[in-house]
Amino acid sequence: MPSLRVLVLQGPNLNLIGSREPDFYGRETFDEINRKIKAKAQELGVEVKILQSNHEGDLVDAIQEARETADGIIINAGALTHYSYAVRDALTAVRLPTVEVHLSNIHAREEFRHRSVIAPVVMGQIVGLGSLGYLLALEAICQLIEQSHR
Ligand code: DQA
C-alpha cells in the first residue's frame, strides 16, 4: 500500500514561533517543531509536506491542491482560524480528513480566540499542548484515514 500523504499547513506568524510571545507559544522554534513533525511522520511511515504562509490565498490554494496530492490535512491557521471563511470554505470543498491544531489553549485566551470558524468543518481540534498537538494530530489522522478505508 502506498504511504499516506499528509499536508501540514501553518498559517500567519507561525514562522516566528520560538521568539513570538513565548508565554503562550513556548521557546521551541518553528524549525524545531517542523523537525519533530517530520521525525514523527517517518516513524509512522507517512509522507508529510509542511507549508507555512502569511497569506490567506496561499493557504486556500494549498488546500485546493491537496485534493490531488494529500490524503489528509493538519492545519494551524493562526489568526485566520477566527475569521477566515475562505479557509473554511476550501476545507469544506476538498472534504479531506482534517485536524485543527493550536499550540496555545485558544479557549483560555482573549474572547476573539475562543471561536474557530473552521472547527465545524474539521474532524477534531487539538489545543494547548504545544508541538505535541501536531504529533498527536498525525497519529489521529493516520487512524482516521485507515478507518475510512475499511
Ligand atoms: C494559534 C492561536 C491563534 O489565536 C493565534 O492567532 C496564532 C497561533 C496557536 O497555535 O495557538 O497565531 O493558532
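1. In this predicted model, E43 and K40 form a salt bridge through their side chains, with an N to O distance of 3.3 Å. The two residues lie three apart in helix α2, so about one helical turn separates them. A network of salt bridges links K40, E43 and E139.

2. The whole structure contains seven salt bridges. One of them joins K36 to E28, with the closest N and O atoms 2.7 Å apart. K36 is partly exposed at 38% relative accessibility, and E28 is partly exposed at 22%.

3. R109 and E110 also form a salt bridge, their closest N and O atoms being 3.8 Å apart. R109 is buried, because its relative accessible area of 9% falls under 20%. E110, at 34%, is partly exposed.

4. The largest nonpolar core comprises 23 residues. Those with the most contacts inside this core include I37, L103, Y134 and L138. At least two core residues come from each of β1 (5–10), α2 (30–44), β4 (98–102) and α5 (132–149). The most is given by α5, which supplies seven residues. Another core, of 20 residues, lies apart from this one and has V60, A77, V117 and I118 among its members.

5. Which residues does L103 contact, leaving aside neighbours within four places in sequence? Among them are L14, I17, Y25, I33 and N76, and the contacts of L103 also include G128, L129, G130, S131 and Y134.

How values were computed:
Residues numbered from 1 in each chain as written. Predicted model: local features only at pLDDT ≥ 70, side-chain atom pairs only at ≥ 80, totals over all residues. Heavy atoms only, no water. Core = buried A, V, L, I, M, F, W, Y, C linked by side-chain atoms within 4.5 Å. Buried < 20%, exposed > 50% of the residue type's maximum accessible area, 1.4 Å probe, protein only. Helix = DSSP H or I, 4+ residues; strand = E, 2+ residues; numbered from the N terminus. Contact = heavy atoms within 4.5 Å. Salt bridge = Lys/Arg side-chain N within 4 Å of Asp/Glu carboxyl O.
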